[in-house]
Amino acid sequence: MSSRDTILDKLRRNRIPREDDYELPPVKVLGDLDKSIERFEKSLQLMGGEVLPQKAGQTIEDVVRARFPNTTSICSAVPEVEGTLKITDLKTHEQSNEVDVMVVRSPFGIAEMGSIFLSEVELFDHLADVHLAQHLVVLLSREELTANMHTAYQERSEFKTAFYGVLMSGPSATADIQGVLIRGAQGVRTLSLIWTS
Amino acid sequence: MSNKPVKHAQAAAEFLEDDPHRLFHDERLWDMRQKRDQQMHGMPEWQELRDRASRIKEHTLANLPTYLEQFEENARRNGIHVHWARDGAEHNRIVAEIMGKHGAKSLIKSKSMITDECEMREYLEPRGITVTETDLGERIQQLDHQLPSHVVVPAVQKLTGDVAKIFAKYYGTDPNITDPHKLAEAQREAARPVLLSGDTGMTGGNFIVAETGGFVVCTNEGNADLSANLPNVHIATLGIERLVPRVEDLGVFVRLLSRSALGSPITQYTTHFRGPRKGGEMHVILVDNGRSDRLAMPQFWSSLKCIRCGACMNTCPVYRRSGGQSYGSVYSGPIGAIIDPTFNAKKFSTLPFASTMNGSCSNVCPVEINIHEQIYDWRRVLAEKHDIPFVKREIMKMAGRLLAQPRLYRVSIEGTEIALKTMPRFVLYNYLNPWGKHRELPHPVKETFNSWYRKNRLKTSTKKEHESA
């Protein structure tokens, strides 16, 4: 008998809990249903992310350049930003590893956590490249916020369609050495958000 | 694997010898527990979440074969290669086979407890495969040839100076670094070239979703998303108990996991894998390794609800003061005490005794596992199987006889009080009394409750009864 069948057979015959004794609770929305921009920003900042203000007359490109005035490498995955190269121009990981600032658009954010979502669609299949960059700038529409994890999983079809879907809540971080929180571990060192309408 | 019982108490005593390590360890874990409490107090629905999490897991375990088949079917449809492993040895063989097909020699992996459980590095390395842990804490433990000390923070028993010494040896950094930022940066710089050149990536999985054929990996450092996406081949090792039925169930568990673990609302990365990336290859290995046996144990099956948050470890006074290394196992702390004996009852027979039975572990568990009750049940099972040391067994027998006879008990309690007052220290504090090793025995009382009650209450109550009659 194959390992698969051995395992399944053992589970079928010997398991103590049985179907009829443990009903599956129906899906339910719990918790705070506030999906305001204020809540999202507060959560994002708690996770180490920042919000970049857009002053009157500034383009999104201006905002990005103002945040990273000295950089010579801005890779863009969005039409709003020209940058120095396009994400689709990246051919090797070594090339991606040189990227300083990556600019992407997230289809939605979660107010409870300050999380933004990215999948192969927004990244044009350049999945690793977004994590190799030193800094990440995320464009997010004010209209695309959901309140919390329950509403996110119930409302957003991306969780059922994407092959790769990451919720990023601030930049990479670690507290593995003597409990000291360090923002910027192995992935992006900073995560900044720019609102769009 | 040696079969000799782990000398937990002895190893813990050694850990307690060094004040800086002992004090930091205790404070750090208690800080995580307090941050968890702050999160909990900000959420009125916390208990309802725990209750739902527990019920979803119980239902899934009661229907495990069906949901596993559903997951397999959906994962295959998404283009994932699904493998099944009865035990660690089979799992390791499958990994070697997949890598062999590609002529791959370098495995870059994110943290997963289950590959430690399978002793995968020990199997692959002699076969010419370099395994690199890319999580900072797990990497520190790998370089130091130690098992993880904690399920979430693997190197929590170490201080900055310890890490500086290890990195100096392997990364050539200054051994006197005192700033953790510099050490974390050294890890980033050392890991990048290995990540870029690795030919196979590996992750674990916190949750498997039957309905979508996908799985979720919750991490903070970004190393898992790099490890999984840089090489062409991604292998995910998944324990069969990690299933949930629906994608919406993730809402319940993601809200509980990092809050219970570190007291942060969510991990920095919550990554949903559902199929291979364009041009890539994805393998999932569903590992049993004792889980189907555990599901057949009436007292212990519900330990399979565990989501590996480590809250029970952070709250446990024994774990905080003995350190993860003293458990001599992949899983330490209260959860280790109840699942380790299912792997090897003799070797881990001492672990269910590393508890004060205060029940705090059960109270903080996000999936409501009755951990302290299972610790008690394990003691009974091990005593029946004679898997506990002779001295402990004999003392328990004596205590049993004493507690069964009230008169004998009272006489001996009075005797103990006199002994505490009059005996010299060397009689009270010796190897027969491990309780007195690191703490003082209680102060003797002037009078036992029983004799006070006889004098003051018994007579009055008898008198009153007479009067009312």
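Predicted model: local features only at pLDDT ≥ 70, side-chain atom pairs only at ≥ 80, totals over all residues.
The crossing of α9(B) past α10(B) is left-handed. On the α9(B) side, the contact is made by T160(B), V163(B), A164(B), F167(B) and Y171(B); α10(B) brings P180(B), L183(B), A186(B) and A190(B). Sorted by class, that contact has eight nonpolar residues, one polar and no charged ones.

Both helices also turn up around another helix, α8(B), which covers residues 136-143. Seven of the eight residues in α8(B) are buried, namely L136(B), G137(B), E138(B), R139(B), I140(B), Q141(B) and Q142(B).

Now for the meeting of the two chains. The contact takes 63 residues from chain A and 73 residues from chain B. On the chain A side, the elements giving two or more residues are α1 (3-14), α4 (93-96), α7 (149-155), α8 (158-161), β9 (164-168) and β10 (173-174). Of these, α1(A) supplies the largest share, nine residues. The side of chain A that touches chain B has 30 nonpolar, 20 polar and 13 charged residues.

Eight strands form an open sheet with mixed pairing, and their order is β8(A)-β5(A)-β6(A)-β9(A)-β9(B)-β6(B)-β5(B)-β8(B). At the edges sit β8 (145-146) of chain A and β8 (243-244) of chain B, each pairing on one side only.

Which strand stands between β6(A) and β9(B) in that order? It's β9(A). Here are its two pairings, side by side:

| Strand paired with β9(A) | Residues | Sense | Bridges |
|---|---|---|---|
| β6(A) | 115-119 | antiparallel | four |
| β9(B) | 269-273 | antiparallel | five |

Y164(A) stands opposite F273(B) in β9(B). V166(A) is a handy one to click on: T271(B) is its bridge partner in β9(B), while L118(A) stands opposite V166(A) within chain A.

Is β9(A) mostly covered or mostly open? Mostly covered: five of its five residues are buried. In a regular strand the side chains alternate between the two faces of the sheet. In β9(A), Y164(A), V166(A) and M168(A) point one way, whereas G165(A) and L167(A) point the other way. Residues pointing either way from β9(A) are buried.

To recap, β9(A) and β9(B) run antiparallel and are joined by five bridges, inside a sheet of eight strands.

How values were computed
Residues numbered from 1 in each chain as written. Chains lettered and ligands numbered in written order. Contact = placed C-beta atoms within 7 Å. Nonpolar A, V, L, I, M, F, W, Y, C, P; charged D, E, K, R; others polar. Pairing = 2+ DSSP bridges. Buried ≥ 20, exposed ≤ 12 C-beta atoms within 10 Å, placed from the backbone. Left-handed = near helix turned anticlockwise from the far one by under 90°.
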